[in-house]
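Here is a short tour of the chain you are about to see. Keep the model open beside the text and follow along as we go.

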Amino acid sequence: MDLVAKVPPIAIHADRVSCKSKGACMDLYGERAGLGAPNTYYQLNSTTPENPVKCKYCGLRFYGVH
Ligand SMILES: [Zn+2]
């Protein structure tokens, strides 16, 4: 997880994100990024670059932009 911790929060142009969203875990790191995890969605409504949501499977952080 040390490597992922250095990745800055990722901007997502949508209301929610999952590992399989474009620009998210699987898009960036390939099929292995999901690690067989269910396709869990995270709401981005109240997220900001300073307060992103963290994927509990891969540790990547996301925030919504509109
Ligand atoms: Zn993920």
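## The hairpin pair

Strand S4 and strand S5 (residues 61–64) are paired in the antiparallel sense, with two bridges between them. Two strands count as paired here if DSSP finds at least two bridges between them. Within this pairing, Val-53 has Phe-62 of S5 as its bridge partner. The hairpin formed by S4 and S5 has six residues between the strands, and in it Gly-59 takes a positive phi near 85°.

A word on what you are looking at: this is a predicted model, in which local features need pLDDT of at least 70 and side-chain atom pairs count only at pLDDT 80 or more, while totals for chains, interfaces and linings use all residues. Residues are numbered from 1 along each chain as its sequence is written.

## The sheet around S5

S5 also pairs with S1; these two strands run parallel and are joined by three bridges. Here the partner of Ile-12 is Gly-64 in S5. Put together, the strands form an open sheet of three in the order S1-S5-S4, with mixed pairing. Strand S1 (10–12) and strand S4 (53–54) each have a single partner strand and stand at the edges, so one side of each lacks a neighbour in the sheet.

What do the two faces of S5 look like? Phe-62 and Gly-64 make up the covered face, whereas Arg-61 and Tyr-63 are on the uncovered one. In a regular strand the side chains alternate between the two faces of the sheet.

## The chain as a whole

Stepping back, the protein chain has two helices and five strands. Read from the N terminus, its elements follow the order α-β-β-α-β-β-β. Helices (H or I, at least four residues) and strands (E, at least two) are DSSP runs, numbered from the N terminus.

Of the 66 residues in the chain, 26% are buried. A residue is buried if 20 or more other C-beta atoms lie within 10 Å of its own, exposed if 12 or fewer, and partly exposed in between, with C-beta atoms placed from the backbone. Among contacts between residues at least 6 apart in sequence, 50% join residues at least 24 apart. Two residues are in contact if their C-beta atoms, placed from the backbone, lie within 7 Å.

## The nonpolar core

Which residues make up the largest nonpolar core? Twelve residues do: Ile-12, Val-17, Cys-19, Ala-24, Cys-25, Tyr-42, Leu-44, Val-53, Cys-55, Cys-58, Leu-60 and Phe-62. Such a core is a set of buried Ala, Val, Leu, Ile, Met, Phe, Trp, Tyr and Cys residues joined through C-beta atoms within 7 Å.

Beyond its neighbours within four places in sequence, Phe-62 is in contact with Pro-9, Ile-10, Ile-12, Val-17, Ala-24, Tyr-42, Leu-44, Thr-47, Pro-52 and Val-53. Cys-25, another place to look, is in helix H2. Cys-25 is buried, because 25 other C-beta atoms lie within 10 Å. Its C-alpha atom is 9.0 Å from that of Gly-59, 34 residues away along the chain.

## Partly exposed positions

Pro-9 sits in the loop between helix H1 (2–5) and S1. With 17 other C-beta atoms within 10 Å, Pro-9 is partly exposed. Not counting residues up to four places away in sequence, Pro-9 touches Pro-49, Pro-52, Arg-61, Phe-62 and Tyr-63. The C-alpha atoms of Pro-9 and Pro-52 are 6.6 Å apart, although 43 residues separate the two along the chain.

Tyr-29 belongs to helix H2 (residues 25–29), and its 15 C-beta neighbours inside 10 Å make Tyr-29 partly exposed. Thr-40, in the loop between H2 and strand S3 (41–43), is also partly exposed, with 13 C-beta neighbours inside 10 Å. From Thr-40 to Lys-56, 16 residues apart in sequence, the C-alpha to C-alpha distance is 9.2 Å.
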